[in-house]
Amino acid sequence: MSTRTPVNSSVRRQGVTVAERSPAPDIARGFMLLLIALAHAPMYVTTSEPGVVTHPRGGDTLDRVITFLSLGLVDNRAYPMFAALFGYGMAMLVARQRAAGTTAAAAGRLLRRRGVFLVLFGLVHFVLIFPADILAPYGVAALAFGWLLTRGDRALNKGVVISAVLATVLATLLSLAVAVEESTKGTEGLRGTVWAHDYGDAVVERLSQAPFASLHILLGWPIVTAVLVGAVAARRRYLDDPARHRALLKRVVLLGGAVSVAGGIPLALIGAGSWHPGGVATGAVTALHVVTGFAGGLAYAAAFGLLVARSQRRGLTPGPVARALGAVGRRSLTCYLLQSSLLALVLARVAFGLGDEIHSTGAAVVAVCVWLTVVAVAVALERAGLRGPLDALMRRLVYGKPARRATGPAPEPAPASGPAKQPASGEQS
């Protein structure tokens, strides 16, 4: 008779112990989607000229305060946080596959398969809904660098160092190039491409841009470094056993948060209209914003690890907010694409077109309302005992159709070279 491993227990095979799904990564993913909504919503605002990053220029005092806070605390901080959690989930996938008896090569093939479908999901999202897709870049990262997650700690640590150096150099060069071009030619950047004209024309244009979009994001932001750092954290179980690592998590929050805020303030001042440097200075400040955002993303993730550790230490069960965030995190693929679709539906001029009527404050309000709607959907699915439909589809595509439960004697174990079909961890997109 087969038995299901209870939640929050651990699986031990071949001398490897792997914890069941920890609440910390799921809660962090749920909150991360709020940050992404706040970063994406201003891209639809067309009531003023494009400003810094995704934000419109000018506005009243409250608009400028919202822009300052977003640039200081949100923009370029949500992406690395999501990337680190993605790396954490991929490393847990590998660990569970290895604990179930698969070979490193088989686990690597599973990662590549997951990467392929993430790219496909992302390309559809990029072309039909939103031109700042993050799924395809993560899929490309899994395809190009996922093999490091099947190697030893030494190889993975080398990958972190090398990718960090390259990311810093590339982000600096790209930020300088874009800022100089915008200062001399007055280009609108990414914000000017969000449904600025006919939907059909935009789709055709994005089809030609799709092959280069993921490469641009991977070169311009420290995505790969964040993925690999997340994998290192997973191997050391920083978020699976946060109580044991409270001291380290506190240092990450304090140091990473301080670096992130300090690096975010200069660009926030530009975005709020309080500083007007030239093109080269703006590029340098943008590069600083991007690079220090990596520290901010890690600080956010570590903060949720501390919150879970505090609850565990006091013997508390997760409260309604934590449970709601966890429900979103367990359905992160579905919730991300639903949220993106709702933002486009409400704000894009090819739909309801609210982006033509509001500024930064209105965009922030819409972002929060859309995120709350997504949270309500996730909670409803949780209460019904249902996966997110797109998460279930991804699992089906990656792992194949689950075997029917046998009514007679238990079948022989699968050979070690085959992937384990039903991992229990939070291997989210």
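The following questions and answers concern a predicted model of a protein.

Reader: How many helices and how many strands does the protein have?
Author: The model is predicted, and its chain holds 429 residues, of which 49% are buried. As for its secondary structure, the protein has 14 helices and two strands.

Reader: Which helices do the buried residues of helix 5 pack against?
Author: Helix 5 spans residues 135–145, and its buried residues include Leu 135, Pro 137 and Tyr 138. These buried residues pack against helix 3, helix 4, helix 7, helix 8 and helix 12.

Reader: Is Ser 340 buried or exposed?
Author: Ser 340 is placed in helix 12. Leaving out residues up to four places away in sequence, Ser 340 touches Tyr 44, His 125, Ile 129 and Phe 130. Its relative accessible area is 6%, and a residue under 20% counts as buried. Ser 340 is therefore buried.

Reader: Is Arg 383 buried or exposed?
Author: Arg 383 belongs to helix 13, which covers residues 360–383. Its C-alpha atom is separated by 9.3 Å from that of Ala 327, a residue 56 places away along the chain. The relative accessible area of Arg 383 is 75%, and the cut-off for an exposed residue is over 50%. Arg 383 is therefore exposed.

Reader: Why does the pair of Arg 330 and Asp 26 tie together parts that are 304 residues apart in sequence?
Author: Side chains of opposite charge can pair when their charged atoms come close. Arg 330 and Asp 26 form a salt bridge, with their closest N and O atoms 3.8 Å apart. The pair ties these parts together because Arg 330 lies in the loop between helix 11 and helix 12, whereas Asp 26 lies in helix 1.

Reader: What is the N to O distance in the salt bridge of Arg 235 and Asp 153?
Author: The structure holds six salt bridges, and one of them is formed by the side chains of Arg 235 and Asp 153. Arg 235 is partly exposed, with a relative accessible area of 30%, and Asp 153 is likewise partly exposed, at 46%. The N to O distance in this salt bridge is 2.8 Å.

Reader: Which residues gather in a patch of positive charge on the surface?
Author: One member of the patch, Lys 250, lies in helix 9. Lys 250 is partly exposed, with a relative accessible area of 40%. The residues that gather in this patch of positive charge are Lys 250, Arg 310, Arg 313 and Arg 314.

Note on methods
Residues are numbered from 1 along each chain as its sequence is written. This is a predicted model: local features need pLDDT of at least 70, side-chain atom pairs count only at pLDDT 80 or more; totals for chains, interfaces and linings use all residues. Side-chain values use heavy atoms; hydrogens and water are left out. Patches are made of residues with over 30% relative accessible area and no salt bridge: like charges are joined within 9 Å, nonpolar side chains (Val, Leu, Ile, Met, Phe, Trp, Tyr) within 5 Å. Accessible areas come from the Shrake-Rupley method with a 1.4 Å probe; for residues, only the protein chains shown count as cover. A salt bridge is a side-chain nitrogen of Lys or Arg within 4 Å of a carboxyl oxygen of Asp or Glu. Lys and Arg count as positive and Asp and Glu as negative; His and the chain ends are not counted. The place of a charge is taken as NZ of Lys, CZ of Arg, CG of Asp or CD of Glu. Helices (H or I, at least four residues) and strands (E, at least two) are DSSP runs, numbered from the N terminus. Buried means under 20% relative accessible area, exposed over 50%, partly exposed in between (1.4 Å probe, protein chains only). Contact means heavy atoms within 4.5 Å.
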